[in-house]
Amino acid sequence: MKLVTSYRMKRLQLLPKMGGRGYNHVVPCQGMSTPEFSLWIFLSSLLAGLLGSLTGLGGGVVIVPVLTVLFHIDIHYAIGASLVSVIATSSGAAATYVREGYSNIRIGMFLEIATTVGAIFGAWLTTRVPTHAIGIIFGVVLLYSAYASVRMKEHAHQSATPVGLAARLRLAGTFPGENGPQEYAAQRVPAGFSLMLLAGSLSGLLGIGSGAVKVLAMDQAMRLPFKVSTTTSNFMIGVTAAASAGIYLSRGYISPGLVMPVMLGVLGGSLVGSKILVRAEVKTLRIVFAVVIVALGLEMVINSVTGRL
Amino acid sequence: MQVTDQKLEIAIGRMLQTGVFLAAAVVLIGGILYLHQATGPRPDYSHFKGVAEALRSPVEILSGARHGDAPSIIQRGLLLLIATPIARVILAAVGFLFERDRLYFCISLIVLAVLLFSLLHAA
């Protein structure tokens, strides 16, 4: 709780216009003009995109709590704006990842069957699940993602020859190692596929890329090399999000006036973030940002439970 | 030219990047127009009402954008954005066809079918 309070204090200093009149009782920036409000949303999204890219969590998981907790925007509009931004960052980063030579187009495509079907199911769930439940699930996913981003360890690579389902589907490949190309093969394919169904459902329900669950499926369940998991996951995020985007659009979740500053901000922030990533020492940054994410996640759960979301 | 996975992925990566920058440019143009046209206090997003019907279906969005309606232009950019991953799956399917990889050609078609189902079913 102390953490949440100190974070809120910091926010009040950062965004003086929003907190002055008692933050939990008045809708923030209510009297603002549209350009002024859009500017605040844009700047926050820029920061969220930067954070999402530096922590490897993705912009979506950061921007939804920012929009709902800080700006009091209804969660349906927030997840609509987030989902669109997720497509932008995933596609925008694709060319950079491809050049490194780690991503595996076949493993990605095969697992996308699971994530897209899951995404449609998740998008269908958003109309069935009450708002406060979405908030609680979101908070829990946020907390897990923060934990995963700090704890994620590269396990030792073991070369393997594909057996069973992995052999029939040719879920194997090579990646550039220190001593030339190294071979790898997917293990426990059904477990990975099931986790991808879950990742897709969360993506459709919460409007996020759910990169953390995708990496969990590939890195932990299927025992793929860490770099292969993260870069292939980035590729999959856009396709997964596109599967629920049409449903969000037809339900009216995608509000142009709100999505415009969010999408441009998150995209810009994540592009800057990926440039910094190449140079900066990320370990400390990750821990610092994980604390911010935990604060947002806790606040989201608390707001949902007390019915303020 | 022989099609390899690496070449295919580079082509896909470039296509995705181009799609995103095009989409972002359209959204930016629509956004500038939107802010220029905006009057009075900002819209209220604290209660969900859903956006206007004209901004929900691809057909209506495209006809609205032709009349220079700012929200429709933004939505058109977003449609372009949603189309990029779908184009990626199509490009991959074509690539697998050239590689004579029937299994992955079929897997790509399944993914494409799921994506199109969600778009068409939603409309």
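A: Helix packing, core and chain contact

In this predicted model, helix H6 (residues 105-128) of chain A packs with helix H9 (residues 189-206) of chain A at an angle of about 35 degrees, and their axes are 6 Å apart. Sorted by class, the residues in the contact of H6(A) with H9(A) are 15 nonpolar, ten polar and no charged.

Attention may now turn to the nonpolar core. The largest nonpolar core comprises 132 residues, and Val84(A), Val259(A) and Met263(A) have the most contacts inside it. Helix H5 (residues 75-100) of chain A provides the largest share of this core, 14 residues. Leaving aside neighbours within four places in sequence, Val84(A) is in contact with Ala245(A), Ile254(A), Val259(A) and Met263(A), and also with Leu78(B) and Leu81(B) of chain B.

The contact between the two chains can be described in turn. In total, 54 residues of chain B are in contact with 54 residues of chain A. On the side of chain B that touches chain A, helix H1 (5-37), helix H3 (70-98) and helix H4 (102-122) of chain B each supply at least two residues. H1(B) gives the most to this side, with 18 residues. By class, the side of chain B that touches chain A consists of 34 nonpolar, 14 polar and six charged residues.

Note on methods. Residues are numbered from 1 along each chain as its sequence is written. Chains are lettered from A and ligands numbered from 1 in the order in which they are written. This is a predicted model: local features need pLDDT of at least 70, side-chain atom pairs count only at pLDDT 80 or more; totals for chains, interfaces and linings use all residues. Two residues are in contact if their C-beta atoms, placed from the backbone, lie within 7 Å. Helices (H or I, at least four residues) and strands (E, at least two) are DSSP runs, numbered from the N terminus. Ala, Val, Leu, Ile, Met, Phe, Trp, Tyr, Cys and Pro count as nonpolar, Asp, Glu, Lys and Arg as charged, and the others, Gly among them, as polar. Axes are lines fitted to C-alpha atoms, for helices over the stretch in contact, and angles run from 0 to 180 degrees between N-to-C directions. A nonpolar core is a set of buried Ala, Val, Leu, Ile, Met, Phe, Trp, Tyr and Cys residues joined through C-beta atoms within 7 Å. A residue is buried if 20 or more other C-beta atoms lie within 10 Å of its own, exposed if 12 or fewer, and partly exposed in between; C-beta atoms are placed from the backbone.
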